[in-house]
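Subject: Structure handover

Hello,

Here is the structure for you to look through. My notes on what was found follow below it.

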Amino acid sequence: AAARAAARASPYPLDLAVSAADAFQGIAIFLAFAATAQAFAPAPRFARATTAMTAAPEGSRRAFFGKASAAAVVGVVGTSFVQPSFADDEVAEVAAPAPAPAPAAPPAKANYGTFPVPAADEWGISGKDYYADAAKVTKHMQYATQMDKGTANMDTINKNMKKEMVDFVSFYRRFSNVAGKQSFSTLYTAINVLAGHYTSYGTKFPVPEKRRKRLYQEYSEIEKNIKKGR
């Protein structure tokens, strides 16, 4: 209608004005349809991506750049710990291990004295002199106590020693004037200790050091009491 009114008011001929108005109206309708089609058409992918990037909040941008910075730092740190390569003629120096400490020396064996080896015909008591028999048994016990593994005739000596001790105790404990003596009491205790070793370990095993030390202390007391006649 506006185009018709404009045509009537135009100074040009009516037919020309009407034709121009129809053309203008057609262009207007085409533009209107084009705008409508554009509004309903799907947006291109690059447009959505651009819109998404544009509409992204400020926090997302900071997170993106923060992640990128962290990746760069990790890359730099990772390259700093790369093991260096050596040329063919280069050898990495390795520290030599510390030498092992020397083993501790075994404790020295206690020396309780030197005692003569009993002869084959020396075994046994006389039954006539208590102090002589007590001194003989004590000397034989001192030698038997100090024997170590590997001593010659160890088994035979210990068997003779065991029999001699049994004979001594069995004979002299019947006499009250002997059984009450201090030397007999101490010797009787030492005989029980050595006989207990034979019962537990046999006649082929040496006396342990702890028991050996105790026996030599008792032997020393026996010899003192014999000299004093007690």
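Rings of Phe, Tyr and Trp (its six-membered ring) are taken to pair if their centres lie within 6.5 Å; planes under 30 degrees apart make a pair stacked, over 60 edge-to-face, and the rest tilted. By that rule, ring pairs join Y130, Y131, F168, F171, Y172, F175, F184 and Y188 into a cluster.

Before the rest, some notes on the source. The model is predicted, so local features need pLDDT of at least 70 and side-chain atom pairs count only at pLDDT 80 or more, while totals for chains, interfaces and linings use all residues. Residues are numbered from 1 along each chain as its sequence is written, and side-chain values use heavy atoms, with hydrogens and water left out.

Aromatic pairs

The whole structure holds 13 aromatic pairs. One of them is stacked, Y201 with F205, because the ring centres are 5.4 Å apart and the planes stand at 20°. For accessibility, buried means under 20% relative accessible area, exposed over 50%, and partly exposed in between (1.4 Å probe, protein chains only). Y201 has 45% relative accessibility and so counts as partly exposed; F205, at 39%, also counts as partly exposed.

Y216 and Y219 make an edge-to-face pair, with 5.4 Å from centre to centre and 85° between the planes. Both residues belong to helix α9, 3 residues apart, about one turn of the helix. Y216 and Y219 are both buried.

Helices α8 and α9

Helices (H or I, at least four residues) and strands (E, at least two) are DSSP runs, numbered from the N terminus. The axes of α8 (residues 182-201) and α9 (residues 209-227) come within 9 Å and cross at roughly 155°. Axes here are lines fitted to C-alpha atoms, for helices over the stretch in contact, with angles from 0 to 180 degrees between N-to-C directions. The crossing angle therefore makes α8 roughly antiparallel to α9 (under 35 degrees is roughly parallel, over 145 roughly antiparallel, 65 to 115 roughly perpendicular, the rest oblique).

Contact means heavy atoms within 4.5 Å. The residues in contact include T186, A190, V193 and Y201 of α8 and R214, E218, Y219 and I222 of α9.

After α9

K228 lies in the segment after α9. With 59% relative accessibility, K228 counts as exposed. The C-alpha atoms of K228 and S183 are separated by 9.5 Å, although the two residues are 45 apart along the chain.

Regards
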